[in-house]
Each structure stands twice: as C-alpha cells, then as structure tokens.
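Welcome! Here is a short briefing to read alongside the sequence and the 3D view.

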Amino acid sequence: MAALIPSASATGSGTMTLAGPSTNSNQTITIPDATGTMMVSGNMPAFRAYRNGAQTISAATTTKVAFNAETFDTNNNFDSTTNYRFTPTVAGYYQVNSTVGFTTSSGQLSIYKNGSNYQTGIEVTYNASLGGHIPISDIVYCNGSTDYIEIYVYLLLGTTISSGETNTSFSASMVRGA
Amino acid sequence: MTLYEKIKTIYPSLEDKDFVTVIRLQNDSDGKGDFIAKWEHPTLARPTKEQLA
C-alpha cells in the first residue's frame, strides 16, 4: 500500500493536485523505484535558434556561429543577441543538435562547452549540386547555473554560412535531470 | 587581408593541416576579430604583432 507523504522540508504553500482522467477509462501512474526530481514539461528547457542573415567566416578560423534568431526558447535560456550561447538554468543532460549550411569549401562543426571544445563532428565537403550542410549532435551535461554551450564552425576556405531556419540552426532539449 | 592570409604570407610553407593540428585561429563573434588561440608549431615562431600589423 503506497502513501503520499508531503516532504517535511517543503516550504511552499501551494496545493498539489492529482487530477483524474477526463474519460471513464482508468489510468495508472507508476513512480519509478528511485529517488530524484520528477521532470515535467515546465522544468525541462528546450530551445531552437537559427542564423538570420549570412555570416562571413575567415578561412581556417574556428568561428562561433552567431545564431541571432529563435524559433522557440521555452525557458529563455538562449542568448541570441550578445554571446549566442545556451545556458540552461536546470541541471541535467541535454541533447544538442546543430546544422550549418555553407556555400563553398569544406568544414566541420564543434560543440563547445564553457569555451572549450567538447566534440568535433564529421568533415563535410560542399557539393555544387546539393550544397553543403554540416551536422553535429551529442549529449552534454550542464550544471544549471554556469555551464553554457556554443557552436563553432571551421571552414577550409573563407566563405559565408547560410541564412534561415532550414539551413543553419542550433537546438537543445533536456533528456534527463541531474 | 584576414589573419589567416597574413600568416600564410609570412610563412608560405604552412599547410592546411597545420591550421588544424598545431595552429588554431579563432573568432568568438564578439566584434574583436580573428586571433591566434594556439600556436604550437615545432619550428616556426609565433608571428609578432608587428608582423601581423
């Protein structure tokens, strides 16, 4: 027999409600046999940003991609005006994805954590018929306060990276709590 | 002329792989431009400010 026991250290005065289903079907919630914070949509940050306008990149120069527009940013954790970085305010593990479109040359992307290279992806060579898009993804732990994530691009020749949501984007979402 | 082009002018013998392995040029998109983040070339000295001016 399970019992719902409020924590003695709880400080808030709000009411916790378990609402019944809106149908006549029975529904079951099974709480895992583990201790931790239950994650719900309200405390799992997610964002998607993109490049609005071309960005010029010098040859052979590892350059931070200035993602200056947002598709969504559920917790206001992405800075699209000054540092172009994701600083989640909830500790946990984040699935990080990025794609950068470019117009000539060959290159690769890197995920940077706290100003240092965390992961470098595959090298992609531009194709005159297909164009060029460099992908990268990984899972990164962030402490929920000071850790931040950025995307850097390296292109062999000087060129521009492409503008628009479908060409050059950066997204991340929490996949589990700390 | 970019920093990369200036360095290539000073040291024409540098190859593309050198800029991945022993030299890293970087730009943090903060308005300060390109800079040398790493110079670990075994024989060529890091260019001076005067050379890059």
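This is a predicted model: local features need pLDDT of at least 70, side-chain atom pairs count only at pLDDT 80 or more; totals for chains, interfaces and linings use all residues.

Residues are numbered from 1 along each chain as its sequence is written, chains are lettered from A and ligands numbered from 1 in the order in which they are written, and side-chain values use heavy atoms, leaving out hydrogens and water. For the model, the scores are ipTM 0.94 and pTM 0.90.

**Where the chains meet**
- The contact (heavy atoms within 4.5 Å) involves 14 residues of chain A and 12 residues of chain B.
- About 1,100 Å² is buried between chain A and chain B, with 50% of it on carbon and sulfur atoms; buried area is the accessible area (1.4 Å probe) that two parts lose on being put together, summed over both.
- Ala60(A), Thr61(A) and Thr62(A) provide 31% of the area that chain A buries against chain B, more than any other three residues.

**What holds the attention at the interface**
- Seven residue pairs, both members at pLDDT 80 or more, are in polar contact between chain A and chain B; this term means a pair of N or O atoms within 3.5 Å, where within protein one must be able to donate a hydrogen and the other to accept it, and residues adjacent in sequence count only if both atoms are side-chain atoms.
- On the side of chain A that touches chain B, β3 (61-64) and β12 (149-155) of chain A each supply at least two residues; strands are DSSP runs of E, at least two residues, numbered from the N terminus.
- The largest share of that side, four residues, comes from β3(A).
- β3(A) also pairs with strand β1 (residues 23-27) of chain B in the parallel sense, over three bridges; pairing requires at least two DSSP bridges between two strands.
- Thr63(A) is opposite Asn27(B) in β1(B).

**Salt bridges**
- The whole structure has six salt bridges over all chains, each a side-chain nitrogen of Lys or Arg within 4 Å of a carboxyl oxygen of Asp or Glu.
- Across the interface of chain A and chain B, there are zero.
- Arg48(A) forms a salt bridge with Glu165(A), their closest N and O atoms being 3.5 Å apart.
- Arg48(A) lies in strand β1 (residues 46-50) of chain A and Glu165(A) in the loop between β13 (159-161) and β14 (169-177) of chain A, so the pair ties together parts 117 residues apart in sequence.
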